[in-house]
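Here is a short walk through one protein chain. Keep the sequence and the 3D view side by side as you read.

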Amino acid sequence: MRLGKNQRQHRIAQILRQESVSSQDHLVDLLTAQGVAVTQATVSRDLDDLGAVKVPTGGGSVYAIPELPSEQIAPDDHLRRVLGEWVVAVGSSQNLVVLNTPPGSAHVVGSAIDRSVVSGVLGTVAGDDTVLVVATEQAGGGAVADFFRSQAGLTDPAESAPLEESS
């Protein structure tokens with residue numbers, strides 16, 4: 001069977017909590033035994049997205065997913081991938097940055113930013129289609145917005161500004 005990305009990643013997280021998985025090939029075999037059709041490349045991306053890390057054990061090392069979100073550091077390209085896929089506009093004011101996404105997607109972007117430990121970012125608050133990013137005073141909203149704009153592939157700040165409501 002083919003599972004959607006979220007369903008597959010949930011299944012992977014369950015397996016890693018219940019079994020000692022020492023390699024991606026072993027994880028592919030375990031998923032296949034459960035009837036899930038998946039490739040090693042997909043499993044590799046899923047492990048990255050989940051923030052899985054290899055931890056030492058008495059007989060080698062196994063994959064684990066840190067329990068605390070603050071311990072789940074995303075790989076460098078994860079943020080670029082998420083921003084490029086989900087961010088449609090970026091705006092800023094003083095030390096605040098607003099990222100606009102399609103409806104229902106803001107939490108994905110906020111989580112990716114939180115897990116990426118972006119320099120100059122104090123934190124995020126995600127709604128349905130908007131992420132509010134609080135930048136440090138030293139970094140400033142403009143510089144952080146430029147970074148996100150660049151990572152999302154939105155090169156022209158004028159094209160990227162959030163739309164204003166018409167009266």
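A salt bridge is a side-chain nitrogen of Lys or Arg within 4 Å of a carboxyl oxygen of Asp or Glu. Keep that in mind for the charged residues below. One caution comes before them: this is a predicted model.

Start with the salt bridges. The structure holds 4 of them. Lys 5, Asp 49 and Arg 81 are linked in a network of such bridges. Take the pair Lys 5 and Asp 49 to begin with. Their closest N and O atoms are 3.1 Å apart. Lys 5 sits in helix H1 (residues 5–18) and Asp 49 in helix H3, so this pair ties together parts that are 44 residues apart in sequence.

Now turn to the other link in the network. Arg 81 and Asp 49 meet through their side chains in a salt bridge, at 2.6 Å from N to O. Arg 81 belongs to helix H4 and Asp 49 to helix H3, so parts 32 residues apart in sequence are tied together here.

The cut-off for buried is under 20%. Lys 5 has a relative accessible area of 45%, so Lys 5 is partly exposed. Arg 81 is also partly exposed, because its relative accessible area is 32%.

Another bridge joins Arg 8 and Asp 46. The N to O distance is 2.4 Å. This pair also links distant parts of the chain: Arg 8 is in helix H1, Asp 46 is in helix H3, and they are 38 residues apart. Arg 8 counts as buried, because its relative accessibility is 12%. Asp 46 counts as buried too, because its relative accessibility is 2%.

Stay on helix H3, which covers residues 40–50 and includes Arg 45. Arg 45 has a relative accessible area of 42%, so Arg 45 is partly exposed. Its C-alpha atom is separated by 9.8 Å from that of Gln 9, 36 residues away along the chain.

The largest nonpolar core has 20 residues. Which of them touch the most other members? They are Leu 83, Val 97, Leu 99, Val 109, Ile 113, Val 133 and Phe 148.

Leaving aside neighbours within four places in sequence, its contacts include Val 90, Val 131, Val 133, Val 144 and Phe 148.

Helix H5 spans residues 106–116. Its buried residues include Val 109, Ile 113 and Arg 115. After H5 comes Val 117, whose phi is positive, near 50°.

Finish with confidence. The mean pLDDT of the chain is 85, and 87% of its residues reach 70 or more. Where is confidence lowest, and where is it highest? Helix H7 (residues 157–160) is lowest, at a mean of 50, while E4 is highest, at 97. Over residues 163–167, pLDDT stays under 50. For that stretch the model has 0 contacts beyond four places in sequence.

Conventions: Residues are numbered from 1 along each chain as its sequence is written. This is a predicted model: local features need pLDDT of at least 70, side-chain atom pairs count only at pLDDT 80 or more; totals for chains, interfaces and linings use all residues. Side-chain values use heavy atoms; hydrogens and water are left out. Helices (H or I, at least four residues) and strands (E, at least two) are DSSP runs, numbered from the N terminus. Buried means under 20% relative accessible area, exposed over 50%, partly exposed in between (1.4 Å probe, protein chains only). A nonpolar core is a set of buried Ala, Val, Leu, Ile, Met, Phe, Trp, Tyr and Cys residues joined through side-chain atoms within 4.5 Å. Contact means heavy atoms within 4.5 Å. pLDDT is the predictor's confidence in each residue, from 0 to 100.
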